[in-house]
Amino acid sequence: MVKKTLEIYSVELSGTKDIDQTDKGDGKEKYRGLKNCFEPKKNHQKEELKKELDLDDHKLSIKELEKKYGTNIITGLSSTQAAELLAQNGPNALTPPKETPEIIKFLKQMVGGFSILLWIGAILCWIAYGIQYSMNKSSSLDNAYLGCVLALVVILTGIFAYYQEAKSTNIMATFNKMIPQQALVIRDSEKKTIPAEQLVVGDIVEIKGGDRIPADIRLLSVQGCKVDNSSLTGESEPQARSSEFTHDNALETKNIGFYSTTCLEGTATGMVINTGDRTIIGQIASLASGVGNEKTPIAIEIEHFVHIVGGVAISIGILFFIIAVSLKYHVLDSIIFLIGIIVANVPEGLLATVTVTLSLTAKRMAKKNCLVKNLEAVETLGSTSVICSDKTGTLTQNRMTVAHLWFDNQIFIADTSEDHSNQVFDQSSGTWASLSKIITLCNRAEFRPGQESVPIMKRVVVGDASETALLKFSEVILGDVMEIRKRNHKVAEIPFNSTNKFQLSIHKTDDPNDKRFLLVMKGAPERILEKCSTIMVNGQEQPLDKSTAEAFHTAYMELGGLGERVLGFCHLYLPADEFPESYSFDVDTMNFPTSNLCFVGLLSMIDPPRSTVPDAVTKCRSAGIKVIMVTGDHPITAKAIAKSVGIISANSETVEDIAKRLHIAVEQVNKRDAKAVVVTGTELKDMSPEQLDELLTNYSEIVFARTSPQQKLIIVEGCQRQNAVVAVTGDGVNDSPALKKADIGIAMGIAGSDAAKNAADMVLLDDNFASIVTGVEEGRLIFDNLKKTIAYTLTKNIAELCPFLIYIIVGLPLPIGTITILFIDLGTDIIPSIALAYEKAESDIMNRKPRHKKKDRLVNQQLAIYSYLHIGLMQAVGAFVVYFTVYAQEGFKPSILADLRVEWENGNVNDLEDSYGQQWTWYQRKYLEWTGYTAFFVGIMVQQIADVLIRKTRRNSIFQQGLFRNKVIWLGIASQIIIALILSYGLGSVTALNFTMLRPQYWFVAVPYAILIWVYDEVRKLFIRLYPGSWWDKNMYY
Amino acid sequence: MRRQLRSRRAPASPYGYRYRLDDQDEANQNYLADEEEEAEEEARVMVVPDLEEEEEEEGQEEEEEEIEEEKEEEEGQGPPTGNAWWQKLQTVSEYLWDPEKRMSLARTGQSWSLILVIYFFFYASLAAVITLCMYTLFLTISPYMPTFTERVKPPGVMIRPFAHSLNFNFNVSEPDTWQHYVISLNGFLQGYNDSLQEEMNVDCPPGQYFIQDGDEDEDKKACQFKRSFLKNCSGLEDPTFGYSTGQPCILLKMNRIVGFRPELGDPVKVSCKVQRGDENDIRSINYYPESASFDLRYYPYYGKLTHVNYTSPLVAMHFTDVVKNQAVPVQCQLKGKGIINDVINDRFVGRVIFTLNIET
């Protein structure tokens, strides 16, 4: 077998730089393809999918099909025909999307963010060195070194970012897995096994249970074939297939088998009607990769921040370049000042810090069952303002459960929580005894053996959903069901079918004195009632009169109105004389009565909401997040679940509700009165975008029912037009475009198809809506904490910048070197800034509205001003005091330092006098200068300790927050001190690093300033708390 | 938990395709709804006051901020057309000065003055703090004696004449090439004129430290170092310091360090030799004073403030016979106890290296 290495197909995931992929599909003419001919033109794909899939081969007869594809269902295509078609249409495989080459991704990291500024700095360094070298061959290598260091910094942070992105961009070869390897095809009247890739349109293929369908096929003959379409449509139940045309919609008709879905049982023969990218799944796949990836909110924020800092750096740099030149500095020197200013201004370590912070949160979220694939999505979740959630499995437990019972003219509630532990309804009535017997006996579902130790609700059951529900329900209440069934031996049985709409079985009773057979029956309530003449009330049979029938109907409607699936139960003890023990029951001739039975009760089942969901929805609400339910389910069920989880709150009404309450026609109701609305897919189909916008703005509680997965995309886009940050959950392949389009796509970990997981930014490991809410909480926290981190990081930039400015203007010996700055930015400051990510929330962040994308910036004016002009300046002052102290104690008082720069730096002046008349050689001065660097460095470091402490909170006092609750902060502070100690005492002798051993006392000079910073910030916070909304609050709260 | 379900009119079939849902009675509100409402109310309490007040007071400012944001947004977006540029320019100019609201940079005059006042006070107090700190710093620092002198020890060495370079290139027959050395030396030695020294300084006994006990702030006397000590290199007999004959004088001085005393009472000596190459390139050097050393009486130095007239002692090297017409690298080192003259990084500690290239 020739087996080509299959190219990895993957949906390209957004990285940080996935900017240019804005979608261009909009505004172009709508594509109306020829029927049955999908041309994968990128620009039109979106339109294609938004309208329902356009395929009509299912409507054609076999003859027409044969004609259309030039084939014959008996002999198949000829090999030559097939070869021609293969050459014409290409192989039956999905073309992988154009992937950005890794090297491009890597280079993008190298020039993104601050990197470009640092590259400029490095290049300027080398130019400066080149000029120096050309003028004086023995010039010092300092500038060349600095250039290399800068380049190294850029490359290292680039590699780090690239690595992080590559790690999180989990490129899965998912679609590849779905491609069937082999296909059984009829060609030249022979059955042949060929690689599925070589299939062409018109081929006749045979499939059997367990196969993956090799292409889109029109089924020609079918023997008991069922397929699993869940990866395509999200329906988890096996779908029967037949050769008849049953539905206009290609997705719903039974005579089409879809590429990559699985045939579960039976066999079928079909004609290939679409191959490769033209298959339904191929279109969805290419669409998913075609849907533009919006920039994540945090990417926008960081870009905004980079713009601000970059702008400040460049403008100050250029301003001081001009000043330096006009102060008659050498141009070369001015360039070096410019480099210093750029380096001082750019927080080199910040982007790496942000990445680490995000991945820490991602890890934390993974523990809470939110697996984040795209790091930036961590924060996106926090700014989410709309969640479009699936119902089944996400909001609900995804299993039918008995919710209500009706017997003795009363409705009882069954416990629908995850473990069923608390069944409190009245079980003393005789009716319940009978009912429970029917439930137990009239049931074909069985537990898989060997699960005794497994909790009942988690056991695997063979049987359909309703029977499973009943089995588990009775097992919980009655105990060993299998044992009961054994005692009541089954003698005959009619399984459920859609014409009868009931299921019946006849048993011997377990009462040895009672020789009667028990006939038990369950089914559609109205059918069951028809067959009954009596009804059991309180264990006593009573004739079924009008009033009891009325009561039955009321209860039936009541339960039906809750969106529940209702079943009726009845029984009959067959008289022993007519049906002796030896009586042979024949289910075909029905030699036993099936009317005049005794009606026992109703049982209704629903896929109940997960118990954590209502709380989660409440939390979402208080957090200002709108939860929209999008489901393929029936509107009644959808609304019932929406109500029970709080998506439609208890006191809000839909237009229909109001109409009913006021007894008026729906059209007469003022639409403004309704808060909630249930929209069906069909209604949605007819809506214009404007109408949808109106719907989305006017109603706060929205349920979309009976929607196709494609319509999700429309809903998502509608929400995004309202400037909302939209989170979407999804599991099917069909959801993947919506998942990609959404600001954050959330795939289901258990139920989700690989394609959905691939397209999503996040995977919910437990499929639980509540996990999203924890995710939101983490996302909001990380936004707050990133603010703190950035404020912390920005502060010292002023302390690093001021030395250069003063150096240029006043002519002091340089207080801090460029390399020393890099040691702060990439050394001492890194761990404390990451530690801020561990900070707990100051107040209940889930009581806040989601941040406004355009107003609540990560870096706002207040943050920049407070960091730069308040704390930053205080730090600069403190660090200068350390610097002056060192110089003064060594002999250079501040008065003499002014304007000393030229002589100080002149290597030929080796007897420069200090304030005491002592004379210094050039190298002695240089060493003193490095001591100054170290002192300034230590000064900044000490004050950064205070800075990291004050950044713990933005509003509360540190003491309210707890000084020791975040232990990582202290780890950060310890690391700061240790790194500084190592730099000064360990590496103090390495001249290239410009550190010296600093006298111990200088480490404490800046401490009063650190305390001052702390006190100042406490005062700031105090006033903010005391006078909310005041001028102070507005200007000082960041 | 028992939920009371009440009957009501309902459609004929609950599974009908037309859905119609019953409104829930108030009695039917479940616990969830109540909780939710409470939570909502809490949220309102938490959030609303801030927002409202802010809006009331800052309405205008916010609007302006929005404009600013929009401006930034625009910057981030696609290729701006000419019209967009114009609009952008307008928003910027409006941001700078908005005549309608009489605002500049999104603040009204009142707001600006408040800001300025607050920042004035903030920075004034910051300035006060730094002044206070510097003041206390000076209180702890003696004006007479530096706190630490390790960095400036061991002493560096410098030579005269010094004209931006340590390469002495001159042509004996062309006075222009060496005249500036002579001028430099002359100028340097003005302070050593015998008359001046005799007038200002005392003649203290040689061979011992000139220790002056007493209060720190007392003026200290300085020992005489007369120009005439330098004999042939004093410029008194040969005003060209030997340059005109190709026998240049170079003066060497040791950097001043407060409190520095040569150890063990041995004066520091100077010795010069060829640094690299043939040692015989320099056949003879005369040192003045003949001891080629710095006499102990010039130590210790008490600092600029009290030791006003201190004149650094000198040693003159008279290169009387040096190979001509080639560059001769010369290294002059200090020799003595506690003197370091081989620091790799610092070529001026305890030694000085220069080249002589005398052309004839």
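Me: At what angle do the axes of α33 and α35 of chain A cross?
Reply: The axes of helix α33 (residues 922–950) and helix α35 (residues 967–986) of chain A come within 10 Å and cross at roughly 175°. That makes α33(A) roughly antiparallel to α35(A), a label given to angles over 145 degrees, with under 35 counting as roughly parallel, 65 to 115 as roughly perpendicular and the rest as oblique. The axes are lines fitted to C-alpha atoms, for helices over the stretch in contact, and angles run from 0 to 180 degrees between N-to-C directions.

Me: Before I go on, what kind of model is this?
Reply: This is a predicted model, in which local features need pLDDT of at least 70 and side-chain atom pairs count only at pLDDT 80 or more, while totals for chains, interfaces and linings use all residues. Residues are numbered from 1 along each chain as its sequence is written, chains are lettered from A and ligands numbered from 1 in the order in which they are written, and side-chain values use heavy atoms, with hydrogens and water left out. Helices (H or I, at least four residues) and strands (E, at least two) are DSSP runs, numbered from the N terminus.

Me: Back to that helix pair: which residues of α33(A) and α35(A) meet?
Reply: From α33(A) there are T934(A), F937(A), M941(A), Q944(A), I945(A), V948(A) and L949(A), and they meet I969(A), W970(A), I973(A), Q976(A), I977(A), A980(A), L983(A) and S984(A) in α35(A). The residues of this contact divide into eleven nonpolar, four polar and no charged. Contact here means heavy atoms within 4.5 Å, and Ala, Val, Leu, Ile, Met, Phe, Trp, Tyr, Cys and Pro count as nonpolar, Asp, Glu, Lys and Arg as charged, and the others, Gly among them, as polar.

Me: Switching to sheets, what is the strand order in the open sheet of eight strands in chain A?
Reply: The order is β8-β26-β25-β24-β9-β21-β23-β22, with mixed pairing, where two strands pair if DSSP finds at least two bridges between them. At the edges are β8 (370–372) and β22 (676–680) of chain A, each pairing on one side only. Neighbouring strands of this sheet are turned by 20° against each other on average, with direction ignored.

Me: And in which sense do β24 and β25 of chain A pair?
Reply: Strand β24 (residues 726–730) and strand β25 (residues 744–748) of chain A pair in the parallel sense over four bridges, with G745(A) in β25(A) as the bridge partner of V728(A). Helix α24 (residues 709–721) of chain A packs on the sheet, touching β9 (386–389), β21 (626–630), β23 (701–705) and β24, and its direction makes about 165° with that of β24(A). Helix α27 (residues 769–810) of chain A also packs on the sheet, touching β8, β9, β21, β24, β25 and β26 (762–764), and its direction makes about 160° with that of β9(A).

Me: Is L381(A) buried or exposed?
Reply: L381(A), found in helix α13 (residues 377–383) of chain A, counts as buried at 0% relative accessibility. Buried means under 20% relative accessible area, exposed over 50%, and partly exposed in between, with a 1.4 Å probe and protein chains only.

Me: Which residues does L381(A) touch?
Reply: Not counting residues up to four places away in sequence, L381(A) touches M365(A), I744(A), I746(A), M762(A), I772(A), G775(A) and V776(A). The C-alpha atoms of L381(A) and G779(A) are separated by 5.4 Å, although the two are 398 residues apart along the chain.

Me: What about the sheet in chain B, which strands stand at its edges?
Reply: Chain B has an open sheet of four strands in the order β3-β5-β9-β7, with antiparallel pairing. Its edges are β3 (157–160) and β7 (282–288), each with a single partner strand, so one side of each is left without a neighbour in the sheet. Neighbouring strands here are turned by 30° against each other on average, direction ignored. Strand β5 (residues 249–254) and strand β9 (residues 314–322) of chain B run antiparallel and are joined by five bridges, and L314(B) in β9(B) is the bridge partner of K253(B). Helix α4 (residues 175–189) of chain B lies across β3, β5 and β9, running at about 40° to β5(B).

Me: Last one, what share of chain A is buried?
Reply: Of the 1038 residues of chain A, 61% count as buried, and the chain has 37 helices and 28 strands.
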